[in-house]
Amino acid sequence: MHLPISDKIELNILHQNSHQAEKNKVKFNNYNLLCLNIMSSPGAGKTRLLEITLEDLSKKFHSAVLEGDMTTNLDAARLEKLNIPVVPITTGRACHLDANMVSGGLKLLEKKINPDSLDILLVENVGNLVCPAEFEIGEHFKVALLSITEGEDKPLKYPIMFREADLILITKVDLLPHLNFDINELKSNIASTNHKADVIEISSVTKSGFDLWQDWISKKILKFKNI
Amino acid sequence: MHEVDMTKCLILSVEEWAEKKNKKKIVVEKINLKIGEFTCVEPISLINTFNAAVLGSWLDSSEITIETIPFEGKCSKCNRLYFPKKENGYKSPCCNFNLEEIISGRELKIASIDFKEN
């Protein structure tokens, strides 16, 4: 046995995931398909947001969903009612989607529909404010939801999630009159961790803010497709 | 428990590295990591997960070392470096500016691997 050797490699721990995420992104680009990674804590309203969004969005753009869930297909079943291609990804014990799971989901989607015919792929991640933030899936943009019932301090407690987001949707704002909640403090805490993100207040009950959200998506699709 | 999936990625990367070196002739002693303070990783959890994952494998005798990299930001107003604190909303203490530029703390790196050749 020889003396120990130290090999400097300076490699990202998540290199394997990042490598697969890059491959996913190349595929999305080849299909001319914009991919959004939708993330939040459980119960912030991701699935309801998609239900409402897709009702309108599907009239203008061809859409599909990869639906991440830990143990059930309940969310996927809700979205399938909209008559769009939905692929459930059950993660089992994993509390986030990773690039391999999304690659598998994309292969299943390819069996349902030719992705060349799609404009946008919405990936609903597993409800969690910690793990999904570090695992790229090949998305073009990250969208984080934060419901006002979670408290003003969440951007400070889970800074990576909100730092990484391109758009932050403040959900359930119809509840504002009923809660002791300071939305300006929340916005200030968001700006503390992420000064670049777009922020939209939204309600799935009154539908307020959906015009801004739909407009944000439409602009991203059109810019991505160079239209 | 994302440390489980991080450990999987880490082991795959070490295996990929070892294959290039002739894995059968290598004994890995230490895998030296650099983990930033502004990441979602709990170092102790990563070490415990790694130790459990490699039991009985070719990496059984190897150990993880972790160098913690401090979370450091740069004030966008006066360019001073500072250590952002959650209690202060990550703002710069000099100008009370929001955190914009991160200098360090986002590292998730395998810095080096110490090994012996048979």
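I count two strands as paired if DSSP finds at least two bridges between them. Helices (H or I, at least four residues) and strands (E, at least two) are DSSP runs for me, numbered from the N terminus.

Ground rules: this is a predicted model, where local features need pLDDT of at least 70, side-chain atom pairs count only at pLDDT 80 or more, and totals for chains, interfaces and linings use all residues. Residues are numbered from 1 along each chain as its sequence is written, and chains are lettered from A in the order in which they are written.

**Entry 1, where A meets B.** I looked up strand 1 (residues 5-12) of chain A and found it antiparallel to strand 6 of chain B, over six bridges. A:Asn12 has B:Lys109 of that chain B strand as its bridge partner. Next I checked contacts (C-beta atoms, placed from the backbone, within 7 Å): 31 residues of chain B touch 32 residues of chain A. Strand 6 of chain B gives the largest share of chain B's side, ten residues.

I moved on to helix 8 (residues 210-224) of chain A. I call a residue buried if 20 or more other C-beta atoms (placed from the backbone) lie within 10 Å of its own, exposed if 12 or fewer, and partly exposed in between. A:Trp213, A:Ile217 and A:Ile221 come out buried in this helix. Down the axis of helix 8, the buried residues fall within an arc of 70° (directions from the axis to the C-beta atoms), so they line one face. On the face turned away from them I found A:Asp211, A:Asp215, A:Lys219 and A:Lys223, which are exposed. The buried residues pack against elements of chain A including helix 2 (46-60) and strand 7 (167-171).

Technical notes: Two residues are in contact if their C-beta atoms, placed from the backbone, lie within 7 Å. The expected span of a helix is 1.5 Å times one less than its number of residues.
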